[in-house]
Amino acid sequence: MTASADRECRVTRTIPAPPEAVFRAWTEPDRIRHWSCPPGGTIRDSQVDLVPGGAYRLLIEAEGGTLHAAFGVYREIDAPNRLVYTWDWEEPESAIGETIVTVEFIADGASTEVVVAHEGFPAPEAAEGHRLGWTWSLERLEALFS
């Protein structure tokens, strides 16, 4: 594994719904609340300004009650095919610096292959932690459509 490869993660999952529906689940605040956190967690608030340069913020309550806020800015929006946005955590103890998330929504018959590439982590441990988070979140997203 190269130095840059251990500072990024990539997760893929096939969701049993068309790209338009999956894209909406990814970008509409009321839908994001149902899947975008690990098991045992809850999205307490989701704010989305889905335009290039627009911001988003997810307030996540982890199992045990700890609050975490993920935030960033949309860089590219190609509905329903692709999203590119920045990602970081508000809490100083969790902040990793600005990272980049690229999400591809690829039509696959009546389903959608979702490919999440998250890069720019300061350390391999941060990349691995986010890989697990994306894996859990995509499992929850798939369950919405199953």
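Guide: A nonpolar core is a set of buried Ala, Val, Leu, Ile, Met, Phe, Trp, Tyr and Cys residues joined through side-chain atoms within 4.5 Å. Buried means under 20% relative accessible area, exposed over 50%, and partly exposed in between, for a 1.4 Å probe and protein chains only. The structure above is a predicted model, in which local features need pLDDT of at least 70 and side-chain atom pairs count only at pLDDT 80 or more, while totals for chains, interfaces and linings use all residues. Residues are numbered from 1 along each chain as its sequence is written, and side-chain values use heavy atoms, with hydrogens and water left out.

Visitor: Which residues of the largest nonpolar core touch the most other members?

Guide: In soluble globular proteins, nonpolar side chains tend to be buried together. The largest nonpolar core here has 34 residues, and those that touch the most other members are Trp-26, Tyr-85, Trp-87, Val-103, Val-114 and Trp-134.

Visitor: Which elements give two or more residues to this core?

Guide: Helices (H or I, at least four residues) and strands (E, at least two) are DSSP runs, numbered from the N terminus. Two or more core residues come from each of helices H1 (19-27) and H3 (124-145) and strands S1 (8-15), S3, S4 (67-78), S5, S6 (99-108) and S7 (111-119).

Visitor: Which residues of H1 are buried?

Guide: Helix H1 is mostly covered, with seven of its nine residues buried. The buried residues are Pro-19, Ala-21, Val-22, Phe-23, Ala-25, Trp-26 and Thr-27.

Visitor: With which residues is Trp-26 in contact, leaving aside its neighbours within four places in sequence?

Guide: Contact means heavy atoms within 4.5 Å. Trp-26 is one of the core residues that touch the most other members. Beyond its sequence neighbours within four places, Trp-26 is in contact with Ile-32, Trp-35, Leu-83, Tyr-85, Val-103, Phe-105, Val-114, Val-116, Trp-134, Leu-138 and Leu-141.

Visitor: What volume does the largest cavity have?

Guide: On a 1 Å grid over the protein atoms alone, a cavity is a set of points where a 1.4 Å probe fits but cannot get out, and a pocket is an open set with protein on both sides within 12 Å along at least five of seven lines; lining residues have an atom within 4 Å of a point. Grid points are joined across faces, edges and corners, and a volume is the space filled by probe spheres set on the points. The structure holds one cavity of 30 Å³ or more. The volume of the largest cavity is about 100 Å³.

Visitor: How many nonpolar, polar and charged residues are in the lining of the largest cavity?

Guide: The lining consists of Trp-26, Ile-32, Trp-35, Ser-36, Tyr-56, Leu-58, Tyr-74, Tyr-85, Trp-87 and Trp-134, with at least two residues supplied by each of S3 (55-61) and S5 (82-89). Ala, Val, Leu, Ile, Met, Phe, Trp, Tyr, Cys and Pro count as nonpolar, Asp, Glu, Lys and Arg as charged, and the others, Gly among them, as polar. The classes of the lining are therefore nine nonpolar, one polar and no charged.

Visitor: Is Ser-137 buried or exposed?

Guide: Ser-137 belongs to helix H3 and touches Trp-35, Ser-36, Cys-37 and Pro-38, residues up to four places away in sequence being left out. Because its relative accessibility is 5%, Ser-137 counts as buried.

Visitor: Which element gives the most to the lining of the largest pocket?

Guide: The largest pocket has a volume of about 400 Å³. Its lining has 19 residues, of which Pro-38, Ile-60, Trp-89, Gly-129 and Gly-133 are the closest to its centre. S5 and H3 each supply at least two lining residues. With six residues, the element that gives the most is H3.

Visitor: To what does the count of disulfides come?

Guide: A disulfide is a pair of cysteine sulfur atoms within 2.5 Å. The sulfur of Cys-9 is 17 Å from the closest cysteine sulfur, in Cys-37, which is too far for a bond. Cys-9 is buried at 7% relative accessible area, and Cys-37 is buried at 1%. By this rule the count of disulfides is zero.
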